[in-house]
Amino acid sequence: MNNAILPNTVTSIHLQRFLDNYANFDSNTIDSLPDIYHKDIVFSDPIHEIQGLPDLRKYFSRLSTSLVKCQFEYVKVIESGPSSAVFWTMSFKHKKLRSGEEIEVEGASSLEFSLGKVIRHIDYYDVGAMLYENIPVFGAITRKIRQRVANDE
């Protein structure tokens, strides 16, 4: 049975720990990865596929060095046994994107739990809105391409 619920009424203690951990992504988030993720975690997003907790920790450590701020607002959560879907809006500031201004991206995470920890984490989001549109010069080109495609429909 699937239950769509508001984030503040999550029933799984493991999912709640995940949500609390990512609400404000920073070095504390990285330090608590072993509490959240299974040692054999498989993490993927539109840009990366990472296997194993040590590599996930390295990835997030590298990522966090350029982040000024990263917060998640949870829109909806669906729990179904060991699986959950989390719909979110991420607000972040990155030193090298859009001159450090805040960027918002909507997305979703699919989570699979094993023994109380996340063993599979897949993030879905528009990589253009997150990255390509916010790189100097390349961003302007990407936005023009999107406008052209939208006008051709």
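This report walks through the overall fold of the protein and then visits two of its residues.

The structure is a predicted model, in which local features need pLDDT of at least 70 and side-chain atom pairs count only at pLDDT 80 or more, while totals for chains, interfaces and linings use all residues. Residues are numbered from 1 along each chain as its sequence is written, and side-chain values use heavy atoms, with hydrogens and water left out.

Let's begin with the fold. The protein has six helices and seven strands (DSSP runs, numbered from the N terminus: helices are H or I with at least four residues, strands are E with at least two). Along the sequence they follow the pattern β-α-α-α-β-β-α-β-β-β-β-α-α. Of the 153 residues, 41% count as buried (under 20% relative accessible area; exposed means over 50%, and partly exposed lies in between, with a 1.4 Å probe and protein chains only).

Now for the two residues, side by side:

| Residue | Place | Relative accessible area |

Leaving aside neighbours within four places in sequence, H121 is in contact (heavy atoms within 4.5 Å) with residues including F18, Y22, Y37 and F43. The side chains of H121 and D123 are joined by a polar contact of 2.7 Å (a pair of N or O atoms within 3.5 Å, one able to donate a hydrogen and the other to accept it; residues adjacent in sequence count only if both atoms are side-chain atoms).

Although L115 is not a glycine, its phi is positive, at about 55 degrees.
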